[in-house]
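Please read the following with the sequence and the coordinates open.

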Amino acid sequence: MADKDGFLSVPQPKIRYSCLYSDDELLDDDDDPSTPTRSVRRSWQDYGLSTLPSSGSVYLPPSGRLATTPPVDDPASSLSTVIKMGWLDKNPPQGARIFQKRWVKLDSEYLRYFDNDKEVYSKRIIPTCCITEVMCVGDQKFEVVTHNRTFLFRADNDLERTEWVRVLQEVMSPQQGYELTFNPTLTPDMQGYLELRGLRSKLYTVVSADKLFLYKNQEDYKLGIGITSIEMNVGNIKDTDRRAFDLTTPYRIFSFVADSEQLKERWVCVLRESIAAALSHSEVAERIWAEPSNALCADCSAPHPEWASINLCVCVCKRCAGEHRSLGPSISKVRSLKMDRKVWTEELIQVFLLLGNERANQFWAANVPPSEALSACSSSEERRRFITAKYRQGKYRRYHPLYGNQQELDNALSVNVQSDDLLETLSLIFCGADVNCCRGDADSPLLLAETCGRTLQLELLTHNRNTEIPRLEVGGHMDTVHYMAPPSITHNGFLFKTGSMARPITERKAKEEFSRRWCVLNDGVFSYYESDKAATPNGGLKMKEIVCLAVNPPEKHGYDHTFELYSDAERLYLFGQDNIDVVREWVKSIAKSFIPACAESFLQRDFERVGRLRYKDSLHLQTPRLGWFCLEGSALHVCLENRPEETIHLHKLKELSIQQDNEVLVLVERGRSLYVEGERKLDFAGWSQAIQRAAGSCGDSLGQQQLTETDIPVIVERCITYITQCGLTSEGIYRKSGVNSRVASLLEAFRQDARSVWLKEGEQQLDDVANVLKRFFRDLNDGLFTTHTSQHWLNTTALCDDVSKISKYQQLFSGLPRVNKATLCALVNHLYCVQCFADKNQMNLHNLAIVFGPTLFQTDGKDYNAGRVIEDLIQHYISIFSVDELQLKKQLDEMTLIIDLRDKLKPAPPGGHFICTVYLEEKKESAEQLVKIPATMSASELVCEILDRRKISVRDKDYWCCFQINEKEETERPLHFQERVLPIVHSLGTESHLLVKKHYSMEAMLVFLASKVDVAKHGMMRFREERSLLGLTTGSFNERYFILTPTSLRLYKEVRSNRAEREWPVKCLKVYLGIKKKLRPPTCWGLTVIYESDKPDKQERQQWYLCCDTQTELREWFATFLSIQHEGSVWPAEGCKMRSSRSVVSEARLGNVSLIPLRGNESDIRNSVAAFTADALALFKNT
């Protein structure tokens, strides 16, 4: 929206420069207004064409005007009919409260405004197809919104304002829905920068057909927002200098300077050709345009088409004509209305007048779905696809009732050519009738038309004597299924709405930020009004513009229930209500209105997000296709092109990743990969976050975990695989305790995204992994055996007969949920294999049963039957689980081979440790500690070792942390608790050291992160980049707008900027607290950021500084950096209460259960086993 609150003074300079720029923006955005040597900075209003010197030329000696200014309705100023014109007040986007009078003129192609009603050349041209929204914003004011700019106008009264809004909305309606990657209104013959004498900078100049357009820069050209256009039919080119030339018109002289002589020659040549084309004969075109439907392109509705397909009987624009030519003359014979004069006989002109594009399209475009229709701004690829389908395949034509019966078609054509019905003849020819057919002794249709004097029929037949008939597939069957329009949905009621946004919503919206609006859904348009009494809507959204509908979880914002609408114009609309039934009804109605028939099944689902996305798969790797997607829980339902609905179980994905370079979401499942990309960045960001969230573990029950293809939780499968490969012969496996902090950290990593955790020998300790597996089963919500059946499992041990016991176990096993069955089978298989190597690991059947019984049944050793159940399951594994013994033997042989191979390749013991000086709380001799730093030591382990040495007890909310201190830079960085210390030690310079102290900001940072709705953050900070000039540091702190996302940090010049000036990947940034005082930072709350490129072929290092206004703001930014770089794991769950003792003591007891000893003489072990067999309960009694 335009900024209506700021102030911008209007200077009154003595000398006024001539310029074609609009008053909408300043010429040199980077000029420093505080520099005293510069002249007074002028707004665009000081450079308009109305302020030219007395010459009236952009660059002429003061010798008077060339001609008087023409009247405003001079046809040279525009070929399009003016729809509305009048005086309006316009406000520049700098926020000046001084509105300036402008003469505004609207036609079907452009909205232009001028200094006065006598001017020929505008100050600004806005293509109507670039307008995305027109809305009333206050007393007599309205906004015209494009994809990158907002123009604020003010009328003299509300009635005039309402009329302008109405006509603008009518003009923009058929033009929306294009992809904004190019200028939708032009096909340039030449383009580039030219210097316009009298200006301080160059203009981007474009020659297109018989017009020349001037733009501020190339970016404005791509967006379609120009300064003015010049009709070349009143122009003349004159060489004036080595690199300069003049474009002379009766109203102005434009003096251009090219960059080189060669470029000047090219410009002069192209401009002269443009003038010649503009002066070409237009009698034929004007006659054919006399039929109103011929004044619009038959394919894309662009105005004034100058080309025609003389055999298909349609008039088309220049861009569509190019695609017609690519079909070949056997399908479409393309001719110019202005240059191919000899082709246009009187009979052919009459054919086009009688048929016209409207009647011709009753045949050619009878069944065009709205989603496939072209607009004047459609891309070349979309035109090629549509025109090929329309004329080569005949996909949208109205089939003749005789279609498929060749003889009847030929008979009907022979009869019809003797009448005046040209449309019927066209329909018969292009449904398969043979123009050259002969029925026995009868004449051909050509001779019949000539004999009967039907000259127009003869003309049409002559141009189609060798025309190729449309076919859907060469040699294939032609499908005659017609498009059916969806039923109209109507709904209305009050909703609460925030302002539309161009960025994702990262903060919680309070109720005060919503406004109550009367909303109406009717005839495919969603409109919202100030009240239910208002006649004019504040804004609206067409259903075909919606690309995504998202339903937020309850209480995400101030209103309990909210939903979001994403439009193809990169806008996000947020609506809410406290009544869940009201929101559900709106969601259902809107979904019905924009979801196509092929995806109607989505309406029956309780979806979180639904919409369209582009995709590629193994069948279509070259060009992306359009598909419809519905996210429901952890299931992604997809309707891909020409395929039945499929369901992707996100928990079972083998891989889920984002290709940052081209913003593609990659979903890898068994047998295929699906590449998903958004139509727009805004909705794709929401989709990727939602899919990643749904693909992660979403609870503590087995069914809510990330699963393998065989329905085993990924955490279980990876822990079992790691222990099988690295720990089958480890003495006391599953009996020894790991380091509590590492176990908690690894378990949390699995819970966040098990798919991304890969266990590697040397990086994870064997006992840590074993304890992760046990703790996972112990913490399960419903348990592995489920709450309602676990007692039945325990009671089964009372059965004396093994056959009955096995049968009962099989019965109970078959009644478990699918995931529980697969998990239990995999775990018991693993334990069976472990006890097979008991001679090496000392974990026999009884030891495994005592360890896993209380864990799996979650009894804490209070029920000895738990151990007996596990013992039975392992002992009778083959019978209970119907295992193939040959397959099991093969599995054990493979494990034996792995063990033997590992014994042969066992690496040599590691070398000595690195000794480092670490200080406690402050750098002084008494606080100095010499510590051995092994390669695997983490920052949290170092902290614990220092605290242990000094016998410092850790209390609740004591956040001890290891800091990297740089005395020269006056900065410090808290090391992440999982960060390896050794690489940091090696990188320390003489001015740096490690310091262990309390992190006093950590509690506030954790509270802030817990309250955040989204991981991203944005806001203003003062920015300074480290630059060196002759050995001296230069630069100053400037206000800049920053957006921090999970992938990158973006810098914008201001909040309203549309494009980032700089962008850095977050993974390559190191953030330090503090800034050097000699840089004179504006506040004491600063960050020093170092960027180091991770590309081996291009090493790059940058250092820059950020200043925040408050300490709270600094903490929030730093916390967000840490959270993103470490995937939300900022502080360990167990805090610093763990100790890093490297020696691990074997557990002699598990709860109240005494374990059978691993070592000792044979009689001790035999006595323990005998005691357990004779009286198992005795082992659970306290001694």
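Trp-1064 has a relative accessibility of 2% and is therefore counted as buried, the cut-off being under 20%. This is a predicted model, and the values below are computed from it.

The structure holds 41 aromatic pairs. A pair of aromatic rings is described by the distance of the centres and the angle of the planes. Trp-1064 pairs with Phe-1023 at 6.5 Å centre to centre, with 40 degrees between the planes, and the pair is tilted. Because Phe-1023 belongs to strand E37 (residues 1017-1025) and Trp-1064 to strand E42 (residues 1062-1065), the pair ties together parts 41 residues apart in sequence. Phe-1023 is also buried, at a relative accessible area of 10%.

Elsewhere, one aromatic cluster is formed by Tyr-110, Tyr-193, Tyr-204, Phe-213, Tyr-215 and Tyr-221.

Arg-154 is placed over the face of Phe-99, 4.1 Å from the ring centre. Arg-973 lies over the face of Tyr-1072, at 5.8 Å from the ring centre.

Turning to the helices, H14 (residues 714-726) packs with H19 (residues 818-836) at an angle of about 10 degrees, and their axes are 11 Å apart. Angles under 35 degrees count as roughly parallel, so H14 is roughly parallel to H19. On H14, the contact is made by Val-716, Ile-720, Ile-723 and Thr-724; on H19, by Thr-823, Ala-826, Leu-827 and His-830. Of the residues in this contact between H14 and H19, five are nonpolar, three are polar and none is charged.

Conventions
Residues are numbered from 1 along each chain as its sequence is written. This is a predicted model: local features need pLDDT of at least 70, side-chain atom pairs count only at pLDDT 80 or more; totals for chains, interfaces and linings use all residues. Side-chain values use heavy atoms; hydrogens and water are left out. Axes are lines fitted to C-alpha atoms, for helices over the stretch in contact, and angles run from 0 to 180 degrees between N-to-C directions. Helices (H or I, at least four residues) and strands (E, at least two) are DSSP runs, numbered from the N terminus. Angles under 35 degrees count as roughly parallel, over 145 as roughly antiparallel, 65 to 115 as roughly perpendicular and the rest as oblique. Contact means heavy atoms within 4.5 Å. Ala, Val, Leu, Ile, Met, Phe, Trp, Tyr, Cys and Pro count as nonpolar, Asp, Glu, Lys and Arg as charged, and the others, Gly among them, as polar. Rings of Phe, Tyr and Trp (its six-membered ring) pair if their centres lie within 6.5 Å; planes under 30 degrees apart count as stacked, over 60 as edge-to-face and the rest as tilted. Buried means under 20% relative accessible area, exposed over 50%, partly exposed in between (1.4 Å probe, protein chains only). A charge sits over a ring if NZ of Lys or CZ of Arg is within 6 Å of the ring centre and within 35 degrees of the ring normal.
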